[in-house]
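Colleague: Hi! Could you walk me through this one?
Modeller: Happy to, here it is.

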Amino acid sequence: MSRLKDKVCIITGAASGMGEAEAFAFATQGAKLVIADLNIESAQQVADKIRQMGNEVLVVQVDITEKTQLENLVQTTLQHFGRIDVLLNNAGIFDKYINSLDTSEQLWDLVFNINVKSIFNLSNLVLPHMIEQKSGAIINIGSIAGLVAKMGGASYTASKHAVLGYTKHLAAEYGKFGIKINAICPGTIRTPMTAEMLKTRPTDKIPLDRFGEVNEVADLAIFLASDEAQFMSGACITIDGGFTSI
Ligand SMILES: NC(=O)c1ccc[n+]([C@@H]2O[C@H](COP(=O)([O-])OP(=O)(O)OC[C@H]3O[C@@H](n4cnc5c(N)ncnc54)[C@H](O)[C@@H]3O)[C@@H](O)[C@H]2O)c1
């Protein structure tokens with residue numbers, strides 16, 4: 001299969017969970033990958049396995065809260081591959097359901113810097129190149145916590161609402177350059193981020209009566225990154241087993 005053949009794709013947070021699954025899924029579709037993560041050891045392990053699949057992979061260690069490191073990520077990608085076709089803003093952290101009164105300013109700033117400001121900074125660094133190419137896809141990993149309350153604490157819920165608002169802004173402003181910008185809103189997905197809390201959580205409020213798997217989100221990301229989704233932009237797509245429909 002080659003739905004992403006030779007597309008240069010940057011995936012943040014690709015060393016674990018959903019990002020790792022997205023990297024493998026994109027690789028099966030012929031993508032050229034840039035694995036961007038703070039955790040360099042895990043990132044290298046993911047990259048090694050993908051190289052064995054025959055794909056070209058670049059690993060860039062990056063703390064996405066540091067703008068200079070994001071600049072280095074984009075420059076290194078352009079030096080190596082010459083273009084950027086897909087930016088998948090996946091990396092994020094959870095706030096463990098901490099309510100507003102118990103949220104410190106430090107936690108609020110950390111969650112917003114990782115979940116929101118990094119997407120703003122990295123998109124602004126990549127957009128000029130996509131505008132010049134007159135093509136590109138940006139996919140932001142939001143959450144159903146960006147649509148309803150109680151799927152995270154104060155900072156996580158607010159941050160994911162911000163991601164969806166920013167996605168719509170980008171889509172409205174940059175669609176005229178042939179760039180499609182969408183968000184994925186996963187429900188509860190089995191990843192290292194959720195592994196502990198899922199041990200005791202029931203699934204009866206989810207119409208499909210189960211949690212999601214990372215490959216299911218990755219399949220949706222492939223579609224949004226591919227030319228099949230050419231008329232999709234500004235969409236915030238839920239993938240939650242029906243949770244937000246009831
Ligand atoms: N797991 C779920 O149920 C769920 C549901 C909805 C949305 N999400 C979102 O999906 C995304 C991925 O979540 P996951 O469950 O795979 O998490 P995860 O913890 O398994 O992976 C997150 C990755 O991001 C990286 N990362 C964290 N901070 C970073 C930083 N400052 N700079 C660079 N990399 C950094 C980590 O090293 C890790 O590899 C997040 O945006 C999360 O909010 C997850």
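Colleague: Which residues come nearest to the ligand?
Modeller: This is a predicted model, so keep that in mind. Of the 28 residues around the ligand, the nearest are Ser-16, Asp-37, Asn-90, Tyr-156 and Thr-191.

Colleague: Nice. How far is the polar side-chain atom of Asp-37 from an oxygen atom of the ligand?
Modeller: That distance is 2.6 Å. For Tyr-156, an N or O atom of the side chain is 2.7 Å from a ligand oxygen. Thr-191 also has a polar side-chain atom by a ligand oxygen, at 2.5 Å.

Colleague: And how much of the ligand's accessible area does the protein cover?
Modeller: On its own the ligand has 840 Å² of accessible area, and the protein covers 90% of that. The ligand takes up the space of the largest pocket.

Colleague: Which elements give two or more residues to the shell around the ligand?
Modeller: Those are helix H1 (17-28) and helix H5 (154-174).

Colleague: Changing topic: what span should helix H4 have, and how far apart are its ends?
Modeller: H4 runs over residues 105-133, which is 29 residues. At 1.5 Å a residue, H4 should therefore span 42 Å, and its end C-alpha atoms are 40 Å apart, which agrees.

Colleague: Where is the kink in H4 centred?
Modeller: On Asn-113, and the kink is about 45°.

Technical notes: Residues numbered from 1 in each chain as written. Predicted model: local features only at pLDDT ≥ 70, side-chain atom pairs only at ≥ 80, totals over all residues. Heavy atoms only, no water. Helix = DSSP H or I, 4+ residues; strand = E, 2+ residues; numbered from the N terminus. Expected span 1.5 Å × (residues − 1). Bend = angle between axes of the 7 residues up to and from the residue. Near = heavy atom within 4 Å. Polar contact = N/O pair within 3.5 Å; in protein donor to acceptor, adjacent residues only side chain to side chain. Areas by Shrake-Rupley, 256 points an atom, 1.4 Å probe, with all protein chains shown as cover. 1 Å grid on protein atoms, 1.4 Å probe; cavity = no way out; pocket = protein on both sides within 12 Å on 5 of 7 lines; lining within 4 Å. Sits in = over half its atoms within 2 Å of the grid points.
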